Amino acid sequence: MAKRQVGVLVMSYGTPESMDQIEAYYTHIRRGNPPSEKQLQELRDRYEAIVGGFFPLRKNTDDQVTALQETLRSHYPEIEFVCYQGLKHASPFIEDGVEQMVKDGIKEAIGVVLAPHYSIMSVGSYMKRAEQKAEELGLSISFVKSYHLHPKLLQALTNRVERALKDKFPDVAADDVRVIFTAHSLPSRILEMNDPYVDQLMETSQAIAERLNLKQWQFGWQSAGQTATPWLGPDILDTLETIHKEENVNEVLICPVGFVSDHLEVLYDIDIECMQLAQQLGMHLERTESLNVDPLYMETLADVVHDQLEKD
Ligand code: FEC
């Protein structure tokens, strides 16, 4: 008998493939409004600083999708899982992924986003686009909405904080390091929308802090957009300055719980921008390693995809 075949639409933010695609990418993020020359140059400069021949998020998403398919197949051999990529702002777009599944004869699909926390403005918008395309093409698809408290995800993140405290602050007592969990900021109007994003991020952070019995930890927002609307804050740059000046904190570990791989918002916004500020202030700042293809993260994704299948 043929194995049950399930298509998995693995959705991620997307990144350009070359420097000349940055303008089209940025225009897509801005819902079709081209950036000004100044905005475009600023983004080009940020990519110049992190891109060494390839765009990190491209490689990391490719690797995560490959590793997830292997994990699904080895953990659930009774089902033939086939993973497809669907990117929010670059090719192959979410709609392309859905279309490819249909072309390949997939009849049953699950969608999952490479971001553990749900917001209507993030994961919700990925789901909406996939759902619309699937409906148009008559494909049955359901979605994993969030997995921010999955025990294996928490274990992977906890291991990273624990290891960083030990290896990167060898001469400092763990209680003397301020651990700051961060995630991408969003326009603050989500607070009036009963959106679970903020609560889910606090729950992930709290769970890690409890597992390690952290005495000094807090949350910080990063990478807010340059728009006229207010964004969730305070921004991590302001937080670093405040804790240094008002609380005399000099040892800081940032753990970007809202992100699952190395990309611009981690490699530039934390590793370059935050590090420069820390240096100016005379603080010692470190960051935890990104999850990338950590087997515990891949198992988290495999579990939630499989659980979603059972629910249908
Ligand atoms: O490495 C890369 O090439 C891409 C890194 C990248 C990730 C990412 C994740 C999230 N974003 C989220 C929300 C917004 C909102 C706006 C916005 C704008 C940008 C710009 C770049 C960018 N984002 Fe992003 N985001 C990444 C990159 N993001 C580049 C444009 C320049 C700038 O503002 O810095 C504002 C849109 C607007 O102008 O209207 C909102 C959220 C996430 C985390 C969840 C997810 O991955 O989907 C939320 C990675």
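Colleague: Which side chain does Gln85 contact, and how should I read that contact?

Modeller: Look for a close pair of N or O atoms, one able to donate a hydrogen and the other to accept it. Here the side chain of Gln85 makes a polar contact with the side chain of Asp62, at 2.9 Å. Keep in mind that this is a predicted model.

Colleague: Where is Gln85, and is Gln85 buried or exposed?

Modeller: Gln85 sits in strand β2, residues 79-87. Buried means under 20% relative accessible area. Gln85 has 17% relative accessibility, so Gln85 counts as buried.

Colleague: Which protein donor does the iron atom of the ligand have?

Modeller: For a metal, look for N, O or S atoms within 2.8 Å. The iron atom has a single donor from the protein: the OH of Tyr13, 2.2 Å away. Tyr13 lies in the loop between β1 (4-12) and α1.

Colleague: How many aromatic pairs are there?

Modeller: Check how far apart the ring centres lie, then the angle between the planes. The count is seven aromatic pairs. One of them is Tyr25 with Tyr47, an edge-to-face pair with 6.5 Å centre to centre and 65° between the planes. Tyr25 is in helix α1 and Tyr47 in helix α2, so the pair ties together parts 22 residues apart in sequence. Tyr25 is buried at 6% relative accessibility. Tyr47 is buried at 3%.

Colleague: Which other ring pairs with Tyr47 in a tilted way?

Modeller: Phe55 does, at 5.2 Å centre to centre and 50° between the planes. Phe55 is buried, as is Tyr47. Tyr25, Tyr47 and Phe55 form one aromatic cluster.

Colleague: How many residues along the chain separate Pro56 and Leu264?

Modeller: Pro56 and Leu264 are 208 residues apart along the chain, but their C-alpha atoms are separated by 7.9 Å. Pro56 is in helix α3, residues 56-75. Pro56 is also buried, with a relative accessible area of 9%.

Colleague: What should I look for in the backbone angles?

Modeller: Most residues other than glycine have a negative phi, and most peptide bonds are trans. Look for exceptions. The bond from Ser91 to Pro92 is cis, with omega near -5°. Pro92 is in the loop between β2 and α4 (94-103). Gly233 and Pro234 are also joined by a cis peptide bond, with omega about 0°. Pro234 lies in the loop between β6 (217-222) and α8 (236-247).

Colleague: What is the phi of Arg31, and what is that of Asn194?

Modeller: Arg31 has a positive phi of about 50°. Arg31 is in the loop between α1 and α2, and is exposed at 74% relative accessibility. Asn194 has a positive phi near 55°. Asn194 is in the loop between β5 (178-184) and α7 (197-212), and is exposed, with a relative accessible area of 76%.

How values were computed. Residues are numbered from 1 along each chain as its sequence is written. This is a predicted model: local features need pLDDT of at least 70, side-chain atom pairs count only at pLDDT 80 or more; totals for chains, interfaces and linings use all residues. Side-chain values use heavy atoms; hydrogens and water are left out. Donors are N, O and S atoms within 2.8 Å of the metal (3.2 Å for Na, K and Ca); water is not among the atoms, so sites may look incomplete. Helices (H or I, at least four residues) and strands (E, at least two) are DSSP runs, numbered from the N terminus. Rings of Phe, Tyr and Trp (its six-membered ring) pair if their centres lie within 6.5 Å; planes under 30 degrees apart count as stacked, over 60 as edge-to-face and the rest as tilted. Buried means under 20% relative accessible area, exposed over 50%, partly exposed in between (1.4 Å probe, protein chains only). A polar contact is a pair of N or O atoms within 3.5 Å; within protein, one must be able to donate a hydrogen and the other to accept it, and residues adjacent in sequence count only if both atoms are side-chain atoms.
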